[in-house]
Each structure stands twice: as C-alpha cells, then as structure tokens.
Amino acid sequence: MVGAAMRTVEIAPTFEGWQAAARTLLREGVPPADVRWREIATGQQPSLIAEPVTPAPGAVRVPRQFLDIARLAASASDPARWQVLYEILWRLLHENHDLLKTDADPGVRRLNALAKREGEGAAPFVPPGAGLAELRAAAARCTGCELYRHATQTVFGRGPADARIVLVGEQPGDQEDLKGAPFVGPAGGVFDRALTEVGLDRERLYVTNVVKHFKFVERGKRRIHQTPRMSELTACRPWLEAELAAIKPGVLVCLGATAAHAIFGPDFRLMQDRGRFAATRWAPRTIATLHPSAVLRGEDEAQQARLYGILLEDLRLVAGV
Ligand code: URA
Ligand code: SF4
C-alpha cells in the first residue's frame, strides 16, 4: 500500500506556504501519512496553489494557540517540521480539539520543542509590525533565552501606546517578577517619588526594561538579583526595539548603565555622560540618568541624598521638554 496514494507537496518554506498547502490537503481529506513535504525556493511556483480561503459554513476552527505555535515551529530549521505541523493539525481536527493540552503526547512534545526556540533570542517571537497589546501577548510566551525558565512571568513594559516619554530600566526585580509590572518594588518607590517631585505623571509614561525576565539566585528564602549577561541583553533586545518602534517616543530616558549601554553603546560613561540630551534612532531626545536602585545602594544617607539629587536633576530636564 505504501506510496499508492502518496502526494508530494511542494511548498515555499514559510508558515504561509505550509498553511496554503495544508488547507488544500485538508479540504481534499488527505491524511498526513499520505503526504511528503518538499521545500522549494521562495519565488518558484508551488505545485499546490491554494484558493483564496473563504471559510465554508461550519468550517473547521483551529485553536488560535495552534497558529501561534505553528508560526514559531515553521521558522525552525528541522526539515520535518512541515510534517509535524500537518499531523498535529489533522489530529486537532479529526481526533481531539484539545490535543495541545496533552503535553505528554509525543507529537505535541515535538511541536512544542520546534516552537520553543530557546537560545535563539526573542526575534522569532516578535510579531512583525505589531502594536503594543499584541507585542505584550507574544512576549508572555517568549522562550528566547533561558531566563524564562525560573522567572514567574514576562514583565513587559507598561503605559499608554501614545506615551511621549519612554523610560527604560535594566530588568525586573523580585516584586516586578511577582506582580508582572516594571518598577513596582523598592526601586519603583524611589522612581515614583522622583517622578512626583518633578511633576511627571507616571500614568502618561511608558516604562519598560532592557531585559523582560527576572534573573536571580536563591539565598534561602530570598531571591537576589543578578545582572544580565551580554547574551541575555542581546537575546531580549528585539522586544525593546519593537516597543520603541510601536511608540516612537519624543523622549527616551535610560535608567542606569545597562540601559544606557544598550542605547548609547558600550563606550557610554554614565556618570560623565548622563544628563544631556542627544538624538538617537529611537528618539530625537535621548538621555541617561542614574538607576533608582543606585540611590538605594548609596553608602549612607548623605550619599543617597546626593545620588537622588542627580536623578531629580536629570528628570527635571525630561519634565521640562
Ligand atoms: N529595576 C529595574 O531595572 N527595573 C525594574 O522594573 C525594577 C527594578
Ligand atoms: Fe525572552 Fe527576554 Fe525573557 Fe529571554 S529574557 S526569555 S529573550 S523575554
């Protein structure tokens, strides 16, 4: 029987290429075992051209989650991915609509492994041209570096999409990790106090971090913040880029050296170069200042007051534009 009904399907090696072919195959009722997938160079004419899709009455509904996972899996490099995708799709429609919840299923496992893309950075997870709401939802599923494994959740930026001012910190801390929002712990307390003092309304600002997952080591019951590595900064960067591309702020404020290096480059010296606006490709007015937690780390009260004064001075410039 092998080969009797075998179909070779040529597709452009993209999610869309696979999807078009899969729709045609489903409509014709071709089971996965009868399909052999072959990739052709993009631009060549695929052998199976899907008609424009108008869902028939009672048309099959694929769980949204499948489409998200399938998109990620499609951008993996394993040549078997098209077959894996079609098998799962077929089973979702013919066997079990809730199949994806069955983590132990070998097919589902394989699909999830293809979609995980750990170590590749955030880029495969970022929906191109997306607005903030869509970016936030996608970031919640990011596994682009290993930091997602131990953290509670992705802490995406917060604030209105039309914010004129964006502030960027380093990465969420313990409280931020638990609450899912940036600058809501002790550093957030300093931050809020300073904003109020210079007359900036936090509700109108967009606040985010260079890295979106909390990195820590456990010491007894405490979780101690660890500075992100260069590889993690690089991995997570596409999220910040996407946030800034969606918002296009007039003013961009780097809080601390990590954010300043991410935006101004590695030669930026925070204590020398802070407190001055410069144009960058992200905002016509970009400036760096101290990180609010640097104030908390000041040795004594006098030092803390001095550092807080610097933060205020720089934020006053921001409030004045
Ligand atoms: N420190 C940061 O850099 N960001 C936060 O969100 C909290 C603390
Ligand atoms: Fe993704 Fe950034 Fe979290 Fe790494 S730290 S998993 S790149 S969101």
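This is a predicted model: local features need pLDDT of at least 70, side-chain atom pairs count only at pLDDT 80 or more; totals for chains, interfaces and linings use all residues.
User: What makes the pair between Asn-209 and ligand 1 a polar contact?

Analyst: A polar side-chain atom of Asn-209 and a nitrogen atom of ligand 1 lie 2.7 Å from each other, and because a polar contact is a pair of N or O atoms within 3.5 Å, this pair counts as one.

User: Which backbone atoms can be set against that cut-off in the same way?

Analyst: A polar backbone atom of Glu-170 is 2.8 Å from an oxygen atom of ligand 1, and a backbone N or O atom of Gln-171 lies 3.0 Å from a nitrogen atom of ligand 1, so both pairs are within 3.5 Å and count as polar contacts.

User: Why is Arg-117 called buried?

Analyst: Arg-117 has a relative accessible area of 8%, and because buried means under 20%, Arg-117 is called buried. Arg-117 is placed in the loop between helix H4 (106-116) and helix H5 (132-139), and, leaving aside neighbours within four places in sequence, its contacts include Leu-72, Pro-124 and Phe-125.

User: Which classes make up the shell around ligand 2, and what space does ligand 2 take?

Analyst: The shell around ligand 2 has 7 nonpolar, 2 polar and 1 charged residues; among the residues surrounding ligand 2 are Cys-142, Tyr-148, Lys-212 and Trp-239. The space that ligand 2 takes is the largest cavity.

Methods: Residues are numbered from 1 along each chain as its sequence is written. Chains are lettered from A and ligands numbered from 1 in the order in which they are written. Side-chain values use heavy atoms; hydrogens and water are left out. A residue is near a molecule or strand if one of its heavy atoms lies within 4 Å of it. On a 1 Å grid over the protein atoms alone, a cavity is a set of points where a 1.4 Å probe fits but cannot get out, and a pocket is an open set with protein on both sides within 12 Å along at least five of seven lines; lining residues have an atom within 4 Å of a point. A molecule sits in a cavity or pocket if more than half of its atoms lie within 2 Å of its grid points. Ala, Val, Leu, Ile, Met, Phe, Trp, Tyr, Cys and Pro count as nonpolar, Asp, Glu, Lys and Arg as charged, and the others, Gly among them, as polar. Helices (H or I, at least four residues) and strands (E, at least two) are DSSP runs, numbered from the N terminus. Buried means under 20% relative accessible area, exposed over 50%, partly exposed in between (1.4 Å probe, protein chains only). Contact means heavy atoms within 4.5 Å. A polar contact is a pair of N or O atoms within 3.5 Å; within protein, one must be able to donate a hydrogen and the other to accept it, and residues adjacent in sequence count only if both atoms are side-chain atoms.
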